[in-house]
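Biologist: Please show me the model, and then let me ask what stands behind the terms used for it.

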Amino acid sequence: MNEEEIYELISEEIESSSRKKGIWTKAFSEAEGDEQKAKALYIKYRFDQIQDSNKKKEVEEEELEEEVEEEVEEEVEEEVEEKPRCFYCKKDNALFYVFTPYTVANSGGKDRSEYFCNKTCFKKKLRGRVFRHESWFEKIIDGDFGLAKTFWLFYFIPNGLLNFLTRTVPNEQYDWIFGLSSIYLLPVMLGIWRSADRYEGSKIWSFLAKFSIILGIIFFIFGIIIVFNRHYG
């Protein structure tokens, strides 16, 4: 309510004799019985009262809005906390499939549920639990060795050696070395990409690893072109 509306309300109160008795009595007393002065004081006191009431309402509304915002933020945080990581690939928001190997009662009162993103992650973890192992090839393509080990040990060093060999061997031996290296490196590239998705460290390392894989794929395509031109060009 703005000032003009407040004054209109007070004017209506005076004209309709619906004045606030307490404020009018105070104004009439201070005016020493002069009705015109009493009206002027009533207008002043009533204006201050309404303005203070409006300010109080604004403060209450702001406090209510802040409480609502805090409640919304708490609900969002609770929703995030209620979405655990996949037990196999470690991605967030894993609520697709739940596997509970132990009940709460026989696990010391703790919830031992295992959450998975999808049935593929569940089957891979279950297969490892039943057979107690996964093949080396499966671990490579799934990125189970971690980003650092998969990139440096299984990709960077072997790739460097293979590049050295392809530069030093005769042309007739280049083709089969390139073919064997491709059979090895392509699954490793897939494993690096997947381990980069699950990497929990700085995102820059995940980005650089994926960027290296993209460059590797480009060089692989160039290699195919070289082999093709050598035989059919």
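Modeller: The chain has 8 helices and 2 strands, where helices (H or I, at least four residues) and strands (E, at least two) are DSSP runs numbered from the N terminus. Along the sequence they follow the pattern α-α-α-β-β-α-α-α-α-α. This is a predicted model, in which local features need pLDDT of at least 70 and side-chain atom pairs count only at pLDDT 80 or more, while totals for chains, interfaces and linings use all residues. Residues are numbered from 1 along each chain as its sequence is written, and side-chain values use heavy atoms, with hydrogens and water left out.

Biologist: What is the mean pLDDT of the chain, and where is confidence lowest and highest?

Modeller: pLDDT is the predictor's confidence in each residue, from 0 to 100. Its mean over the chain is 76, and 77% of the residues reach 70 or more. Confidence is lowest in strand β1 (residues 97-99), with a mean of 61, and highest in helix α8 (residues 203-232), at 85. Over residues 102-107 pLDDT stays under 50, and the model has 6 contacts for them beyond four places in sequence.

Biologist: Why is S195 called buried?

Modeller: Buried means under 20% relative accessible area, exposed over 50%, and partly exposed in between (1.4 Å probe, protein chains only). S195 has a relative accessible area of 3%, so S195 is buried. S195 lies in helix α7 (residues 171-197).

Biologist: Which residues does S195 touch?

Modeller: Contact means heavy atoms within 4.5 Å. Not counting residues up to four places away in sequence, S195 touches G143, G146, L147 and T150.

Biologist: What makes S182 buried?

Modeller: S182 is also found in helix α7. Its relative accessible area is 10%, and therefore S182 counts as buried. Leaving aside neighbours within four places in sequence, S182 is in contact with P187 and F220.

Biologist: How much of the chain is made up of buried residues?

Modeller: Buried residues make up 26% of the 233 residues. The chain exposes about 16700 Å², of which carbon and sulfur atoms supply 57%; accessible areas come from the Shrake-Rupley method with a 1.4 Å probe, and for residues only the protein chains shown count as cover.

Biologist: What makes D48 and K44 a salt bridge?

Modeller: A salt bridge is a side-chain nitrogen of Lys or Arg within 4 Å of a carboxyl oxygen of Asp or Glu. The closest N and O atoms of D48 and K44 are 3.7 Å apart, and the pair forms a salt bridge. Both residues lie in helix α3 (residues 35-81), 4 residues apart, about one turn of the helix. Side chains of opposite charge can pair when their charged atoms come close.

Biologist: Why are D48 and K44 called partly exposed?

Modeller: D48 has a relative accessible area of 31%, so D48 is partly exposed. K44 is at 47% relative accessibility and therefore counts as partly exposed.

Biologist: How many salt bridges are there by this rule?

Modeller: The count comes to 2. The side chains of D197 and K210 also meet in a salt bridge, at 2.5 Å from N to O. D197 lies in helix α7 and K210 in helix α8, so the pair ties together parts that are 13 residues apart in sequence. D197 is partly exposed because its relative accessible area is 34%.

Biologist: What share of the contacts joins residues at least 24 apart in sequence?

Modeller: Among contacts between residues at least 6 apart in sequence, the share is 53%.
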